[in-house]
Protein chains: 2
Amino acid sequence: MPKLNGLLETVLFVEDLSAACAFYEEVLGLQKFRSDERGCGFVVPGAQLLLLVKQGVTQEPNQTPGGVVPPCGASGSMHIAFAIAHSEFESWRSWLESRDVDVLSEVSWERGGRSLYFRDPDGHLIELATPGVWDVY
Amino acid sequence: MPKLNGLLETVLFVEDLSAACAFYEEVLGLQKFRSDERGCGFVVPGAQLLLLVKQGVTQEPNQTPGGVVPPCGASGSMHIAFAIAHSEFESWRSWLESRDVDVLSEVSWERGGRSLYFRDPDGHLIELATPGVWDVY
């Protein structure tokens, strides 16, 4: 069978695009590579893309010059996790606190990994995880 | 500010866990690294993890021995994209058709990239994208 080369895009649906963009750019330090009234895209280290899409704009098929993008759209609290180094765990907690981000909890996993949990402006659950959370990470 | 090392986990919420697991394992060829009644996890080439979580099981805080995982949960059609090589585009279309997956559309982007769109068993919109879809990919 053919091969996948990686997970390229992850999408979070957001209500207030400018608040969400500011959060991912200023609090998480992601590099924005595009932005329009429908959404914005960030490059995540490791050749991945995080896309923020305004709620509702993808509910209809999107006719592009090169073909139709089928509709999608979800509501509620989605979850993503970013990888961080063990050595950056305390810096991240301090940084988040300095940016008035409420750290909801901290979890120590049996394999030695640690996670910090907080929410983005849309209530999506964001995790920062050090190696040792899973047997494959 | 501290650094992120990558997007580690992406979560899709699913109704029928065994149908969803079978799809990602058999149709997309992902390697399952864990599975229980709450969800299952797949390794995606490129050091990423795709987690399928049964709808509802994360609605309450999850007390683990090492701390509390806050709740999350979303409904609707989420969207993720996997990276594929240009040279694998036709093989992927044929493979999906051979697995009775309905390819909803094919899009040619102005930068030369191409995308195939289809749905997983929960209606999440899955894309396979070759380089040339974005200016950063």
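Start by selecting Gly73(A), which stands opposite Ser77(B) in S7(B). Before moving on, a word about what is on your screen: this is a predicted model, in which local features need pLDDT of at least 70, side-chain atom pairs count only at pLDDT 80 or more, and totals for chains, interfaces and linings use all residues. Residues are numbered from 1 along each chain as its sequence is written, while chains are lettered from A and ligands numbered from 1 in the order in which they are written.

**Stop 1: the paired strands**

Strand S7 of chain A and strand S7 of chain B pair here in the antiparallel sense, over five bridges. Strands are DSSP runs of E with at least two residues, helices are runs of H or I with at least four, and both are numbered from the N terminus. Two strands pair if DSSP finds at least two bridges between them.

**Stop 2: the contact between the chains**

Now show both chains together. The contact takes 58 residues from chain A and 59 residues from chain B. Two residues are in contact if their C-beta atoms, placed from the backbone, lie within 7 Å. On the side of chain A that touches chain B, strand S1 (residues 6–14) gives the most, with six residues. That side divides into 36 nonpolar, 17 polar and five charged residues. Here Ala, Val, Leu, Ile, Met, Phe, Trp, Tyr, Cys and Pro count as nonpolar, Asp, Glu, Lys and Arg as charged, and the others, Gly among them, as polar.

**Stop 3: chain A by itself**

Chain A has two helices and eleven strands, which run β-α-β-β-β-β-β-β-β-α-β-β-β from the N terminus on. Its C-alpha trace spans about 50 × 45 × 25 Å along the principal axes. Of the 137 residues of chain A, 41% count as buried. Buried means 20 or more other C-beta atoms within 10 Å of the residue's own, exposed means 12 or fewer, and partly exposed is in between, with C-beta atoms placed from the backbone.

**Stop 4: two domains**

Color residues 1–59 as domain 1 and 77–137 as domain 2 of chain A; these bounds come from an automatic or database domain assignment. The C-alpha centres of the two domains lie 19 Å apart. Nine residues of domain 1 are in contact with eight residues of domain 2. On the domain 1 side, H1(A) gives the most, with four residues. That side divides into six nonpolar, one polar and two charged residues.

**Stop 5: the core**

Bring chain B back and select Tyr24 and Leu52 in both chains. The largest nonpolar core has 84 residues, and Tyr24(A), Leu52(A), Tyr24(B) and Leu52(B) have the most contacts inside it. The core lies between domain 1 and domain 2 of chain A, because both give residues to it. A nonpolar core is a set of buried Ala, Val, Leu, Ile, Met, Phe, Trp, Tyr and Cys residues joined through C-beta atoms within 7 Å. Leaving aside neighbours within four places in sequence, Tyr24(A) is in contact with Leu30(A), Phe42(A), Leu50(A) and Leu52(A).

**Stop 6: two loops**

Finish with Ala47(A), in the loop between strand S3 (39–44) and strand S4 (48–54). Its phi is near 65°, a positive value in a residue other than glycine. Ala47(A) is partly exposed, with 17 other C-beta atoms within 10 Å. Then go to Asp100(A), in the loop between helix H2 (89–98) and strand S9 (105–108). Phi of Asp100(A) is near 60°, again a positive value in a residue other than glycine. Is Asp100(A) buried or exposed? Asp100(A) is exposed, with 7 other C-beta atoms within 10 Å.
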